[in-house]
Amino acid sequence: MEKEIKLRIQIQPKDMHHFLVQQNYRSFSGIFGVICSLAALVFLLLTYSSNTQSKNIILILIAALFLVVQPLQLKLVSIQKVQTVPSFKEPLEYTLCEQGIKVQQKEEEAQMTWEDVRKIRETKKSIFIYTSPVSAFILPKEQYKEQLKTVKDIIKVHVKEDKCQWKKN
């Protein structure tokens with residue numbers, strides 16, 4: 001197994017959107033919001049003809065809140081973040097090695113140890129390396145397909161298994 005691997009990652013709006021959707025809809029509040037919206041939609045469909053117009057409008061708004069409005073908002077936020085946050089304008093260079101993860105961009109550099117990793121989550125499209133409950137390094141798989149197995153092997157060696165959520169094949 002390789003002891004070090006370098007990745008050059010350019011975050012795109014679709015990558016940020018994927019992360020934000022995963023972050024929002026895997027939380028208690030995200031799941032609760034979807035359930036409330038679905039319940040409002042079902043109630044609307046079952047009682048539409050017997051409801052007052054104002055009650056139907058309220059049910060439509062509640063149903064749309066987490067099923068339409070929030071996904072659109074996440075899409076817009078992801079585009080805005082990638083376009084306005086300076087660190088997303090240039091590719092980030094990640095080095096995964098024995099000591100931890102080194103992130104470089106132009107002259108700036110930061111390093112974190114493997115012990116500082118809070119969680120690893122793999123999805124179909126990305127690997128997220130969480131540095132806090134809401135912040136993560138986003139590693140879109142399409143940008144390092146040939147190195148995916150090596151990346152996962154390095155992480156598995158250095159991060160405790162209970163912190164890792166690997167995608168089931």
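Is I57 buried, partly exposed or exposed? I57 is partly exposed, with a relative accessible area of 44%, where buried means under 20%, exposed over 50% and partly exposed in between, with a 1.4 Å probe and protein chains only. This residue, I57, lies in helix α3 (residues 53-84), and its C-alpha atom is separated by 9.3 Å from that of L44, 13 residues apart along the chain.

The model is predicted, so that local features need pLDDT of at least 70 and side-chain atom pairs count only at pLDDT 80 or more, whereas totals for chains, interfaces and linings use all residues. Residues are numbered from 1 along each chain as its sequence is written, and side-chain values use heavy atoms, with hydrogens and water left out.

Four strands form an open sheet in the order β1-β2-β3-β4, with antiparallel pairing; helices (H or I, at least four residues) and strands (E, at least two) are DSSP runs numbered from the N terminus, and two strands pair if DSSP finds at least two bridges between them. Because β1 (5-9) and β4 (108-113) stand at the edges with a single partner strand each, one side of each is left without a neighbour in the sheet.

| Antiparallel pair | Bridges | Opposite residues |
|---|---|---|
| β3 and β4 | six bridges | Q104 and E109 |

In a regular strand the side chains alternate between the two faces of the sheet.
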